[in-house]
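Let's take a walk through this model together.

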Amino acid sequence: MSNQPLVLGIETSCDETAVGIVRGRTLLANVIASSVEEHARFGGVVPEIASRAHLESLVPVLQSALEQANVSLRDLDAIAVTGGPGLIGALLVGVASASGLAIGLDKPFYAVNHLAAHVSVDLLTHSLPIEPAIALLVSGGHSSLLQVNDITQDVIKLGESMDDAAGEAFDKIARVMGLGFPGGPALDHESLTGNPNAIDFPRGLTQSSDWLSRPFDFSFSGLKTAVARYLESTPNYKRADVAASFQESIVDVLLLKALAACKKTGIDTLVIAGGVAANSRLRSLAQQRCEVAKLRLRIPASGLCTDNGAMVAALGSAMAAAGRAPSKIDVAATSNLPVTTVQI
Ligand code: KG4
Ligand code: ZN
């Protein structure tokens, strides 16, 4: 094990300042400081506040990750950082810090894609190689269906959300229902006591014509409107039932499309990644449906689904193991980095 590369991963694309350290595929440290409470009263992440919080938190988070892993900076074999997509000011803090460390330590530097990192964190949970796999990537900013031929360099986009990302839809509906921010975990919790079949909310892009024209794309705007209308027209609504029915609609569509992508491509492994992969109903229904369809299901450990540094370290480690050339030290953080660009 000790001949495996020791890789540091830095994540600052949104409101988590996070550092992870892995040796090969073994997680040694995962430290996260979140500025979520500073954004809560605005109902969403405020970019300037996030950037400032990264500046304040990065060095202490780095120090405690090194302590947790019981290693020093000089022991590291490579430095990885989220290069995009994300908030530009927030990304810049991580990229500048990581390239500074790489120059100072004279170590290879990998600026990687946040979304590919979400998928590759599964390498720390499951032992088989990921590829080939269909990845359902569901976070606060993205919902995509991907064909992963090689997580270090060959990711194909099969479809994506036409409007809100799945996590965004959770956050917005939770807000309307007074469940706070971020809404995903709160709505998940509220749903536990609700009836998922109480209200028949629409399933976006699942008409037969949609299956022909947009089989792997998502749309959650109709669902959002339907929930808002229901809340308005039903003063005595049961909150848990609305939460559970809304959640069921999203989860149902995500899995219908993910399983259809497996069937169409003949790929028998499904990876579910990103913050929404922490959702308890998505996890249990995915397990049931994959068992029936005889698919191998991989979902990272629940604590590794939302943003963290371990996922960036995991992808950096996969890059190093595959012998990929490091990034140029002066790469530009790229806020709209396409999901198919694994490394900048
Ligand atoms: O991947 P992530 O941490 O950040 C982005 O890259 O966007 O995802 C955050 C999103 C938020 O929208 C949050 O509400 C959602 O993931 N989320 C959940 C759950 N935990 C986090 N959504 C549904 N159920 C959950 N348990
Ligand atoms: Zn993320």
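Here is a short tour of the metal site and the domain contact.

First, some housekeeping: this is a predicted model, where local features need pLDDT of at least 70, side-chain atom pairs count only at pLDDT 80 or more, and totals for chains, interfaces and linings use all residues. Residues are numbered from 1 along each chain as its sequence is written, chains are lettered from A and ligands numbered from 1 in the order in which they are written, and side-chain values use heavy atoms, with hydrogens and water left out.

Start at the zinc ion (ligand 2), which is held by His-114 (NE2), His-118 (NE2) and Asp-307 (OD) at 2.0 to 2.1 Å. Donors here are N, O and S atoms within 2.8 Å of the metal (3.2 Å for Na, K and Ca), and water is not among the atoms, so sites may look incomplete. Along the sequence, the donor spacing reads H-x3-H-x188-D. Because His-114 and His-118 sit 4 residues apart in helix 4 (residues 114-120), about one helical turn separates them. Helices are DSSP runs (H or I, at least four residues), numbered from the N terminus.

Now zoom out: the protein splits into domain 1 (6-122 + 305-321) and domain 2 (132-299), with bounds from an automatic or database domain assignment. Their centres, taken over C-alpha atoms, are 27 Å apart. There is 1 salt bridge between the two domains, the term meaning a side-chain nitrogen of Lys or Arg within 4 Å of a carboxyl oxygen of Asp or Glu. Arg-298 and Asp-122 meet in a salt bridge through their side chains (2.4 Å, N to O).

Notes:
Helix = DSSP H or I, 4+ residues; strand = E, 2+ residues; numbered from the N terminus.
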